[in-house]
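I opened this entry to record what I looked up in the structure. The notes follow the order in which I consulted the model.

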Amino acid sequence: ARDVRPLLEAKCFACHQGGNAKADLRLDAPSDAVVPGKPAESSLIERIVSTNDDEVMPPKGARLTPAEVSTLRTWVAEGGRYAAAPG
């Protein structure tokens, strides 16, 4: 959680957090985007590694680095558990 939450905050939460999350996809709480223990079946991982401009996340700005993708893959593989928001 110490590595994942800041990554999601920096790259994903602007569009995918809270009740107004785009495409009804919230990444600040458990969702269908993360299949615990199965990165290959998680749409979060599919989207961040996609080469299709219509599917890739984030759609604008810099793509996630290989290290960031690896962090998210490992997190999903280990269960994709969400820690409470700080503060």
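I took helices (H or I, at least four residues) and strands (E, at least two) as DSSP runs, numbered from the N terminus.

I recorded the basis of the model: it is predicted, local features need pLDDT of at least 70, side-chain atom pairs count only at pLDDT 80 or more, and totals for chains, interfaces and linings use all residues. Residues are numbered from 1 along each chain as its sequence is written, and side-chain values use heavy atoms, with hydrogens and water left out.

**Helix α3**

I then looked up burial, where buried means under 20% relative accessible area, exposed over 50%, and partly exposed in between (1.4 Å probe, protein chains only). In α3 I found E68, V69, L72, W75 and V76 buried. Viewed down the axis of α3, these buried residues fall within an arc of 125°, so they line one face of the helix; the arc is that of the directions from the helix axis to the C-beta atoms. On the other side of α3, P66 and A67 are exposed.

I looked next for what covers the buried residues of α3, and the cover includes α1 (4-11) and α2 (43-49). Contact here means heavy atoms within 4.5 Å.

**Helix α1 against α3**

In α1, I listed V4, R5, L7 and L8 as the buried residues. Seen down the axis of α1, they fall within an arc of 160°, so they line one face of that helix. The buried residues of α1 pack against α3.

For the geometry, I used axes that are lines fitted to C-alpha atoms, for helices over the stretch in contact, with angles from 0 to 180 degrees between N-to-C directions. The axes of α1 and α3 come within 10 Å and cross at roughly 125°. The two helices are therefore oblique to each other, given that angles under 35 degrees count as roughly parallel, over 145 as roughly antiparallel, 65 to 115 as roughly perpendicular and the rest as oblique.

At this crossing I noted that V4, L7, L8 and K11 in α1 meet E68, T71, L72 and W75 in α3.

**Individual residues**

I examined L72 in α3 and found it buried, with a relative accessible area of 0%. Leaving out residues up to four places away in sequence, L72 touches V4, L7, L8, I45, I48 and L64. The C-alpha atoms of L72 and L8 are separated by 9.1 Å, although the two lie 64 residues apart along the chain.

I turned to L7 in α1, which counts as buried at 10% relative accessibility. With the same exclusion, L7 touches C12, E68, T71 and L72.

T71, also checked, lies in α3 and is partly exposed, with a relative accessible area of 26%. Beyond its neighbours within four places in sequence, T71 is in contact with D3, V4 and L7.

Finally, I looked at P58, in the loop between α2 and α3. A cis peptide bond joins M57 and P58, with omega about -5°.
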